[in-house]
Amino acid sequence: MADMLVNLLKLPPLTPLLQDLRRAGIVVRRAAPYEISRVRQFVERHFTAAWADEISVGYAHKPVSVFLAIREGDVLGFAAYECTRRGFFGPTGVEERERGKGIGKALLLAALHGLAEMGYAYGIIGGVGPAEFYASAVGATLIPDSTPGIYADPLSDTDPRDGEAPPR
């Protein structure tokens, strides 16, 4: 899967999306450290243990670099940034039955605005799935020759940067 580049200087505003979701009873906010177990369980149940591992890094940041969408105390989705590499967005996910309500876009924008607040002018969405979504939501563009990117066989004996075995 390819990576995408986002111009953080031209992000759409977040507030209107947050207000629309709030009217529907959904709150998008920064995660709190004491919620890590419940959020990890959500991510493992609906997505992957590897994604749960990645967002764990976001809980060590100050401020936490994980955003949540919640309704009545239930996690509906999450988005993280600066977890796997500096300047990278992801992972992110919304529970399948909650998709199509604007939750994913709000989480995406919250996290990308977080990267912009850190001083980045551009962000990278690593190993994208729904490229069309990212292109329409925030004007993301594919980065040529970015496959396999940073997620290439991480537990291999070869270095994904050059295909060579590391020196012993």
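1. A residue counts as exposed when its relative accessible area is over 50%, and as buried when that area is under 20%. The model discussed here is predicted.

2. Start with the pair Arg86 and Glu82. Arg86 has 68% relative accessibility, so Arg86 is exposed. Its salt-bridge partner is Glu82, with the closest N and O atoms 3.9 Å apart. Glu82 has a relative accessible area of 8% and is therefore buried.

3. Arg97 and Glu95 also pair. Their side chains form a salt bridge, at 2.9 Å from N to O. Arg97 is exposed, at 65% relative accessible area. Glu95 is buried, at 9%.

4. Next, Glu98 and Lys101. These two form a salt bridge whose closest N and O atoms lie 2.6 Å apart. Glu98 is buried, with 4% relative accessibility. Lys101 is partly exposed, with a relative accessible area of 42%.

5. Salt bridges also link Arg40, Glu44 and Asp53 into a network. The count for the model is eight salt bridges.

6. Now the helix pair. Helix α4 spans residues 103-117 and helix α5 spans residues 131-138. Their axes come within 11 Å and cross at roughly 65°. Angles of 65 to 115 degrees count as roughly perpendicular, and α4 and α5 are therefore roughly perpendicular to each other. The crossing of α4 past α5 is right-handed.

7. Which residues of α4 and α5 meet? From α4 come Gly104, Lys105, Leu108, Leu109 and Leu112; from α5 come Phe133, Tyr134, Ala137 and Val138. Seven residues of this contact are nonpolar, one is polar and one is charged.

Definitions and conventions: Residues are numbered from 1 along each chain as its sequence is written. This is a predicted model: local features need pLDDT of at least 70, side-chain atom pairs count only at pLDDT 80 or more; totals for chains, interfaces and linings use all residues. Side-chain values use heavy atoms; hydrogens and water are left out. Axes are lines fitted to C-alpha atoms, for helices over the stretch in contact, and angles run from 0 to 180 degrees between N-to-C directions. Helices (H or I, at least four residues) and strands (E, at least two) are DSSP runs, numbered from the N terminus. Angles under 35 degrees count as roughly parallel, over 145 as roughly antiparallel, 65 to 115 as roughly perpendicular and the rest as oblique. A crossing is left-handed if the near helix is turned anticlockwise from the far one by less than a right angle, and right-handed if clockwise. Contact means heavy atoms within 4.5 Å. Ala, Val, Leu, Ile, Met, Phe, Trp, Tyr, Cys and Pro count as nonpolar, Asp, Glu, Lys and Arg as charged, and the others, Gly among them, as polar. A salt bridge is a side-chain nitrogen of Lys or Arg within 4 Å of a carboxyl oxygen of Asp or Glu. Buried means under 20% relative accessible area, exposed over 50%, partly exposed in between (1.4 Å probe, protein chains only).
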